[in-house]
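Dear colleague,

Please find the structure below, together with its sequence. My notes on it follow.

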Amino acid sequence: MANHLHLLLRPDDASELRKLMHWFGLTSSMALNRLSGRCEYFWESLYYATAVAPKDWRQVLNALRYIHANPKGA
């Protein structure tokens, strides 16, 4: 799998998602670069978000199936 991951998040406040993803990308890339001895960009690109209606269980299950199947396809 390329240098990316999939997350299914349910923030308390949807307007905070951008800040949450910025924090996650920054802190995880700094930690992973420190562990690997690198000092360059770690993640492929900025995050891409797709809204999933939390009460639409079919859409939630489809998102989870995609997330679990993605590494197998790579």
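How many salt bridges does a search of the whole structure find? The search finds 2, a salt bridge being a side-chain nitrogen of Lys or Arg within 4 Å of a carboxyl oxygen of Asp or Glu. Before the details, please note that this is a predicted model, in which local features need pLDDT of at least 70 and side-chain atom pairs count only at pLDDT 80 or more, while totals for chains, interfaces and linings use all residues. Residues are numbered from 1 along each chain as its sequence is written, and side-chain values use heavy atoms, with hydrogens and water left out.

Salt bridges

Side chains of opposite charge can pair when their charged atoms come close. Glu16 is joined to Lys19, with the closest N and O atoms 3.9 Å apart. Glu40 is joined to Arg38, and here the closest N and O atoms are 3.4 Å apart. Glu40 is exposed because its relative accessible area is 52% (exposed means over 50%, buried under 20%, and partly exposed in between, with a 1.4 Å probe and protein chains only). Arg38, at 33%, is partly exposed, and Glu16, at 35%, is partly exposed as well.

Helix residues and a polar contact

Asn70 belongs to helix H2, residues 57-73 (helices are DSSP runs of H or I with at least four residues, numbered from the N terminus). Asn70 has a relative accessible area of 18% and therefore counts as buried. Its side chain makes a polar contact with the side chain of His6 at 3.2 Å; such a contact is a pair of N or O atoms within 3.5 Å, where within protein one must be able to donate a hydrogen and the other to accept it, and residues adjacent in sequence count only if both atoms are side-chain atoms.

Trp23 lies in helix H1, residues 17-36. With a relative accessible area of 52%, Trp23 is exposed.

The segment before H1

Arg10 lies in the segment before H1. At 72% relative accessible area, Arg10 is exposed. Arg10 and Ala53 are 43 residues apart in sequence, yet their C-alpha atoms are 9.9 Å apart in space.

Terms used
Helix = DSSP H or I, 4+ residues; strand = E, 2+ residues; numbered from the N terminus.
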